[in-house]
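Student: I have a protein model open beside its sequence, and I would like to learn how to read it. Could you take me through some features, step by step?

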Amino acid sequence: MENVLLNELIKNSAEVHKNSGELGASYNEAMTRALEHFKTLGIPSKKDEDWKYTNISKNLSPRFYSRQSEIVQEIPAQVIDRRGMIIFNNGIFNRHQSVLPEGVSLDQQRPETNFFDSFDALNFGVALSPLFLKIKKNTVIDFPISIVHLTDEAGVNKIVSPRLTIVAEEFTKASFVEVFTSTQNLLFQYTTNAATLFELKENAFIEHVKIQNEATASTHIGLTKASVAKSAQFKSMTVDLGNFTSRHNIDVTVAGVGGDAHVNGLFALKKTEHADVFSSINHLSAHTTSDQLFKGILAGESHGAFTGKIAIAKDAQQVNSNQLNKNLMLSKKAHIDTRPQLLVSADDVKCAHGATIGQLSAEEEFYLESRGIKKDKAKRMLCHGFATDVLYKIDNVKIQELAIKMLEESFEKIALSEMTL
């Protein structure tokens, strides 16, 4: 079955690739090599150690969205400030609706040869509207930049493939909120295969908050990748609000002395939803730091998986790195798999990692109910309290407020029967 799907994907990706003439000869050659790389690697399965908890092929469409999207007249509701908004419709960059802030400009295309995995290679090979942006040196943007990926009915039974690369030059500062959603939260099947890549040069500061809130029947495959240079700081937050199946790959390389990475996240799942987070932080230089806190809230018959790898190279001495995964189980039928990992080759480092699995406090529930609060609301309030210390790690207040609002809306969809042990 997987071989049949792989052959269909390869055949249809080749058809999409024929329409990529505007990208230039060298870029087209790189796309061809990327598709060959995907063909060699194939579709990951549970036999692969990194994918042992997720059967990603069961809901993949073999066809790709390939036509240019029509202009969407209404600004997506998730846009926080219209001075900075980057809109993708069905994976296609909407040049007409997007507004780049002062100091942010289109950058030159970058043919790539090294890919995180087969889906990254596939994304590069079929993304007809890759976007390359540069934040100019010494630029400080004091309002959040919204990146909204909107999928509508035209994306039904298709794979949408947005690709975005952002280079933050020296002494720049910006905050991004990237939201994946669908029009009117329609109940249809499609697959998002997205890649968002950051390159932070010396003394740059980038905050990136990703919120997955797609259609219930959709599948999401996403890569957030960042390289962090000397004295730069990258803050990442991944918020998954549930869908059929999601896989979040987060790959951060702290390459320069004094580099710092904060990689945090949360998934809140219900019914039979599935979320798999695979995070890797790689320390290549001495005197670097990283911190990671991921939380999971699982109701109904949902399934969550978290793999957190911290790798410290041989010469990366005096590294300070912490990792913690905490999970809240609301139902006996919910399931979590967690794998915190340390791969340390240096001998002068300070590292800690751990994982916890727990339940709501019966005493706290009783206290709230004794004050006249209904049982379902009391449970949601306690879930909110469990989640907020992660979301309070978001620096930009307006992005933080949006994330909390969307999380609360997601909690309202959890039935009381899904929160009973």
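This is a predicted model: local features need pLDDT of at least 70, side-chain atom pairs count only at pLDDT 80 or more; totals for chains, interfaces and linings use all residues.

Tutor: We will go through a helix, its packing, some loops, a strand residue and the cysteines.

Student: Which residues of H2 are buried?

Tutor: Buried means under 20% relative accessible area, exposed over 50%, and partly exposed in between (1.4 Å probe, protein chains only). In H2, the buried residues are Tyr27, Asn28, Ala30, Met31, Ala34, Leu35 and Phe38. They lie on the same side of H2, because they cover an arc of only 155° around the axis; the arc is that of the directions from the helix axis to the C-beta atoms. The general idea is that an α-helix has 3.6 residues a turn, so residues three or four places apart point the same way. On the face of H2 turned away from its buried side you will find the exposed residues Ala25 and Thr40.

Student: And how do I describe the packing of H2 against H3?

Tutor: Two packed helices are described by the angle between their axes and the distance between the axes. Axes here are lines fitted to C-alpha atoms, for helices over the stretch in contact, and angles run from 0 to 180 degrees between N-to-C directions. H2 and H3 (residues 118–126) pack at an angle of about 145°, with their axes 8 Å apart. From H2, the contact is made by Tyr27, Ala30, Met31, Ala34, Leu35, His37, Phe38 and Leu41; H3 brings Ser118, Ala121, Leu122, Phe124, Gly125 and Val126. Contact means heavy atoms within 4.5 Å.

Student: What should I make of phi values?

Tutor: Most residues other than glycine have a negative phi, and most peptide bonds are trans. Just after H2, Gly42 takes a positive phi of about 75°. Phe171 has a positive phi near 60° although it is a residue other than glycine; it is found in the loop between strands S7 (163–168) and S8 (173–182) and is partly exposed at 47% relative accessible area. Asn203 also has a positive phi, near 60°. Asn203 lies in the loop between strands S9 (191–200) and S10 (205–212), and its relative accessible area of 30% makes it partly exposed.

Student: Is Tyr65 buried or exposed?

Tutor: Tyr65 counts as buried, at 8% relative accessibility, and it is found in the loop between H2 (25–41) and strand S1 (85–89). Not counting residues up to four places away in sequence, Tyr65 touches Asn90, Ile92, Ala154, Gly155, Lys158, Ile159 and Val160. Gln78 lies in the loop between H2 and S1 too, and is buried with a relative accessible area of 15%.

Student: What does Arg110 contact?

Tutor: Leaving aside neighbours within four places in sequence, Arg110 is in contact with Tyr27, Phe124, Phe132, Val167 and Glu199. Arg110 sits in the loop between strand S3 (104–106) and H3, partly exposed at 28% relative accessibility.

Student: Where is Lys235?

Tutor: Lys235 lies in strand S12 (residues 233–240) and counts as buried, at 13% relative accessibility. With neighbours within four places in sequence left aside, its contacts include Glu207, His208, His262 and Asp395.

Student: Last one: how many disulfides are there?

Tutor: A disulfide is a pair of cysteine sulfur atoms within 2.5 Å, and by this rule the count comes to 0. Among the cysteines, Cys351 is partly exposed, with a relative accessible area of 27%, whereas Cys383 is buried at 1%.

Notes:
Residues are numbered from 1 along each chain as its sequence is written. Side-chain values use heavy atoms; hydrogens and water are left out. Helices (H or I, at least four residues) and strands (E, at least two) are DSSP runs, numbered from the N terminus.
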